[in-house]
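Me: Could you walk me through how to read a few features of a structure? I'd like the general idea each time, then the case at hand.

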Amino acid sequence: MNRIQSYFKSLDTTLLTIVFFLMIISLGAIYTAQPMLPTRLQHINFAFDQGIRYIIGFFAMFAIMTIEYEQLRKIHWYLYGFGLLLLAGLIPLRDTTLVPNINGAYGWYNVPGFSFQPAEFMKLFLLISMATIVYDHNKRYGSSQQDTWLLMKLVLLAIPPLALIVTQPDLGTGLVLITMLGAIIIVSGIGWKWLLGLFSAAALTIGGFMYLFFSHFELLQSFVPGHALNRFQAWIYPYEYSDDLAFQLIKSLQAIGSGQMFGAGYGQGLVYLPESQTDFIFAVIAEHYGFIGAAIVIIVFFLFLYRMIHIALEASSPFGSYIVTAVIAMFTFQIFQNIGMTIGVLPITGLTLPFISYGGTGIIMNMIAIGLVMNVASKSKTYMFDDD
């Protein structure tokens, strides 16, 4: 009984409440999107399915909290290797019933009764491995020592899963991995000269890409994947590709604009938006509930990220702080990228809106990530009158 009481006492109720609000928003938004979906999808109760996945996710979250997260350092290579095997296994099975082509990518295992996306598993496995590498390195050499060796280890760790994911092709998840890598590097304690150099290299890469895109497009085509260039072109020149590559973006902008301040109301949407229950769920919210509804979602996400930053800063172990930092980076990039692409300020990458978009593997793995964060938070608390 004391153990159960201690377990519930250690829960971060603030973060748990915010996740619960995100779940309510998700179910409401998906229920709102249902009438606007194509006839071929009307037989699926997406909101009900999402609720089931959230229930599974909550069980997984609470289960993760029972594990001593420090023990993950002992098995991180097994998790990392398992993730690589799942990703590599997609390649020989392409164009089969087990690994079908879904929206131009081979990123899902389709087994009888359910399907799952191994890249979602790899995100968590990679962040645990990166956190372990940094923790072990700093414990052995100290902060700001052997920076080159630490950077080499982190980059070499990230390259295999990044390569396997980008070749699916899944550029969006690849960018998530790069963002997590960057966040881990920033908090790893490496010298400011290395950080300045890395930021400069990133800025030069982006600047070089933009220069080649506008001045030497043929050269850019020789080494940048065609699907990535197509999405970038559709973003820069949306109305030139309004019937094809930019169709979703144009419809998203129309839906958001039609919502105005207070929205059209439930069931009053007039804009047909493909993938509205997944990638473009934010546009559904903005269309039906207006600027007010969209602002509420953004505020909840702000509180969500703020709470996790607080947990990272108060973590009792550097390893726990590294884990939470990587989770924050993962969610922050996905939130900004998804909302940004729906309003046209960022290219479309296919990333869903965490906790709100309809999904299976994504929802469950997001809840497991929150379980890790709450696990770290529970070990950071001290309680008055505790025996120890």
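Reply: Gladly! A charge sits over a ring if NZ of Lys or CZ of Arg is within 6 Å of the ring centre and within 35 degrees of the ring normal. Here, the charged end of Arg-73 sits over the ring of Phe-319, 5.4 Å from its centre. This is a predicted model, where local features need pLDDT of at least 70, side-chain atom pairs count only at pLDDT 80 or more, and totals for chains, interfaces and linings use all residues. Residues are numbered from 1 along each chain as its sequence is written, and side-chain values use heavy atoms, with hydrogens and water left out.

Me: How many aromatic pairs does the structure hold?

Reply: Rings of Phe, Tyr and Trp (its six-membered ring) pair if their centres lie within 6.5 Å; planes under 30 degrees apart are stacked, over 60 edge-to-face, and the rest tilted. There are 22 aromatic pairs in this structure. One of them, Tyr-31 with Tyr-266, is stacked, at 5.5 Å centre to centre and 10 degrees between the planes. Those two tyrosines are 235 residues apart, with Tyr-31 in helix α2 and Tyr-266 in the loop between α11 (247-259) and α12.

Me: Is Tyr-31 buried or exposed?

Reply: Buried means under 20% relative accessible area, exposed over 50%, and partly exposed in between (1.4 Å probe, protein chains only). Tyr-31 has 51%, so it counts as exposed, and Tyr-266, at 40%, is partly exposed. Phe-213 and Phe-217 make an edge-to-face pair, 5.5 Å centre to centre with 85 degrees between the planes; both Phe-213 and Phe-217 are buried.

How values were computed:
Helix = DSSP H or I, 4+ residues; strand = E, 2+ residues; numbered from the N terminus.
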